[in-house]
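Please find below a colleague's note on the model, arranged as numbered points.

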Amino acid sequence: MVLIGFRGTKAVEIYKSLCYCIILDYFVDTSVAPLRQAFVETENPLCSNVKWSVMEATECTIYFKFSNVEVKNLEVIQPKFFKTIQDELEKGLNMDRISAIIEKKRLETLNSLEDSPHEATSGEVIGHILFGVNKEELTQRLNKTKQLAEAAKQNEDYWKGLMNELIAKPCVEIIGQPSKEEKAKLAKEVEAMIEQRRKELGDEGLKAKGKELEDAVEHNEVEAPEEMLSIVPIPSADKIHFHNLTMSSNYRSIDEPTKVDLKAFPFITELDDIQETQFINWSLLLDTSLLKESLKPYLMLWTELIGETAVKDESGSPISYEEVVAGLERDLLGYSCELGAVNGGRFSAGSFPEMISISMKVDRDSQLKKYTQGVTWLSRLLFRQNLEAERVKSIVQKVLNTIDSVKRNGRAVCKATHLKMIVKPNCNTYNCLVLNQEKILKSCLELLENDPQKLLSDLQEITSHVTQLKFMRLHLTTAVQRFESPEQVQTPWLQVFLNTWSVTNSAAGGDLRADYGSFSVLKTSQLMKTPDEIEVKSAIVAVGAVESSFLVQCQFVDIHSYDHDDIPPLMVLLEYLTGLEGPMWRLIRGLGYSYGYSVHLSVETSSITLALMKATNLSKAYEKAIEIIQGFMSGSEEFEEMTLEASRSSVMFEVIEREKTIGDASAESLMNHLRQMDKHYNKNLLKKVSQVELDDLKRVCQKYFVKFFDESSSFCAITCHPSKVDEICSKFACMPDGCQRTLTKFESFDHVFA
């Protein structure tokens, strides 16, 4: 990577700092920004991404980060960086883009105040405490919309002056170049240092240091008096207030009535009426479960292309990809396209992974222009695509350039290896895995060189399939009472979206009849192999770029419904085991064996998963996990009422956090539709959690963990430095009875997918 940094504004120059944020976004924020165009969005990208950031201090630092730069291009970055900026300044700035960026920042400010006012205000207050001088500066910090209104009045010369002032300053360039020789040298130096220290201390000195460490650990583990915790009253779950949300749909009888005619939609439509919001948010879900197997590998690429390629307008005239990107940036407050209903990403399908989710958020202006424009953009992206081979090639190359950094990430490699072991081939979760995508994208490059029309036809066939009305599902969130009439909620969808669909599907008859029964909702658990189908039960992968070790281990459990009676006690049990100052905190992190640890229940995958992250001594951390869980399971360790009470409270807080903001409440409502639960799901879960007792913990611990460490029923993936592979294999083979593991060795991540 390459970092280029400058001294920026003083912390007290609040308005100027905000203006720098605007002009830096202009140069970097989207694929049409000058630096992204020059370094990323080209046939031969120099890096996979470029970002800017600020380190706030009395005098701030502004720096640009260029990721995944090929070694041969490391020295090219800085001169091209300055030339790109100077060329753009000489050519003249696009003031329409600057105006759009300012308007978006205004809306983002309002959105942050609606969604997370505590975080939006506390950050500014903390900044003032650290760097502020007077009350007026705090007022400036908290009045960002006023500052943005001032920025909107500035002319082109002002913005040019800011950038000229920045690049005229001395800069610092940091080049991060990988070196196997340097890595080996450092490893030897560490070993030599340890050996030298052993000699210096001698046997007696080592014993003394060991005793010193034991005494420190013992002192650190002295527990607070129970009365200190018991005097804090725990309020009843009944006193917790949730967002006022009315949940309606056109296909479920359990939902609430609405004045909006949802039956006018020829596909499943869900409406969340949240009175507090001033924005309109929607997610269009597309079902890919019946897509031809030969096309499924291209779905991740398809999601990358949506919003980044050319389309046609309503008259059939082409709109370039630059205009598409600029238009989405101008007209939408938020936009995403990903595999999975929620929490998807590049190389990772989210929950309910056989869906594609296209999400948009717009301001609800008085004329509803943004709403209509947002639906218009969605219609163009889906029904008026104009794919071009050169643009597809550029995006394929850009994604390929990010793969090397993923392969150097121990956590990512561990997770991908684990999924490769347990997930059925050719589902979206499997196809998304990074090394599968590397092969798929390289084959795409070959097609683009030899037969581009074949790939473009396949991508178009994906579009034709997923845009059938029976494979669509709309989730819409807004405040209905803020519209002049309920009909205005549905108007853009009926007059723009469905009209565009009818025109583009006229050759096929353009049938608008409703079909609410064809949309499939498949959980990840339905895409898992059976235990008998899993060939490699335990794997260890060597990753030369990591020093610490990572482990992911899961066991499938018979929990398939979201209202299963064992979910609340299991959630409390796992919090009991992993919570702050709990058994794992003290005996795994507290003893320095592993920085990160977790035990997690997922109804989506019907599994319980143990994770150890950034472990310095993975074998010891794993052994302690066995000791802790088996201790409670056998009864040699007793569950305590005080810790149970703390665990219940922590789980209740976790459940409340799911609906902390309006956006969170909307996302949870979408999930509740997919879970086939009503809007009171989390509220009911809170009550059940508050009623968990000690006997419940004992019961679920014995029920679900009796074979958790048995290699025949649980599946484990480990990543570590090559020098640690043999040692970890040896230690895992000698774990306590019933917990031994025979790890299958892979010399590298590539060998896992060979």
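1. The second largest cavity is lined by Glu 103, Lys 104, Leu 107, Glu 329, Arg 330, Asp 331, Leu 332, Leu 333, Val 362, Asp 363 and Lys 370. Helix H4, helix H12 (321-331) and strand E11 (355-363) are the elements that each give two or more residues to this lining. Its volume is about 50 Å³, and its lining comprises 4 nonpolar, no polar and 7 charged residues. Here Ala, Val, Leu, Ile, Met, Phe, Trp, Tyr, Cys and Pro count as nonpolar, Asp, Glu, Lys and Arg as charged, and the others, Gly among them, as polar. Helices (H or I, at least four residues) and strands (E, at least two) are DSSP runs numbered from the N terminus.

2. On the basis of the note: this is a predicted model, in which local features need pLDDT of at least 70 and side-chain atom pairs count only at pLDDT 80 or more, while totals for chains, interfaces and linings use all residues. Residues are numbered from 1 along each chain as its sequence is written, and side-chain values use heavy atoms, with hydrogens and water left out.

3. How many cavities of 30 Å³ or more does a search of the whole structure find? The search returns 3. On a 1 Å grid over the protein atoms alone, a cavity is a set of points where a 1.4 Å probe fits but cannot get out, and a pocket is an open set with protein on both sides within 12 Å along at least five of seven lines; lining residues have an atom within 4 Å of a point. Grid points are joined across faces, edges and corners, and a volume is the space filled by probe spheres set on the points.

4. The largest cavity has a volume of about 70 Å³. Its lining consists of Glu 114, Asp 115, Thr 277, Phe 279, Ile 280, Asn 281, Lys 361, Thr 477, Ile 662, Gly 663 and Ser 666. Two or more of these residues come from each of helix H4 (95-115), strand E7 (279-287) and helix H25 (662-675). By class, the lining of the largest cavity divides into 3 nonpolar, 5 polar and 3 charged residues.

5. The second largest pocket has a volume of about 970 Å³. Among its 31 lining residues, Glu 223, Leu 580, Glu 581, Gly 582 and Thr 643 are the closest to its centre. Helix H10 (226-230), helix H21 (567-578), helix H22 (583-589), helix H23 (618-634) and helix H24 (641-657) each give two or more residues to the lining. H24 provides the largest share, 7 residues. The lining of this pocket contains 13 nonpolar, 7 polar and 11 charged residues.

6. Leu 618 belongs to helix H23 and is buried, with a relative accessible area of 3%. Buried means under 20% relative accessible area, exposed over 50%, and partly exposed in between (1.4 Å probe, protein chains only). Between Leu 618 and Gln 555 there are 63 residues of sequence separation and 19 Å in space, C-alpha to C-alpha.

7. E2 and E3 (residues 59-67) run antiparallel and are joined by 7 bridges; Lys 51 has Lys 65 in E3 as its bridge partner. Two strands are taken to pair if DSSP finds at least two bridges between them.

8. Cys 427 is buried at 5% relative accessibility, and Cys 739 is buried with a relative accessible area of 1%.

9. Most residues other than glycine have a negative phi. Asn 68, however, has a positive phi near 55 degrees; this residue is found in the loop between E3 and helix H3 (77-91) and is buried, with a relative accessible area of 18%. Asn 426 also has a positive phi, of about 65 degrees. Asn 426 lies in the loop between helix H16 (410-422) and helix H17 (428-432) and counts as buried at 19% relative accessibility.
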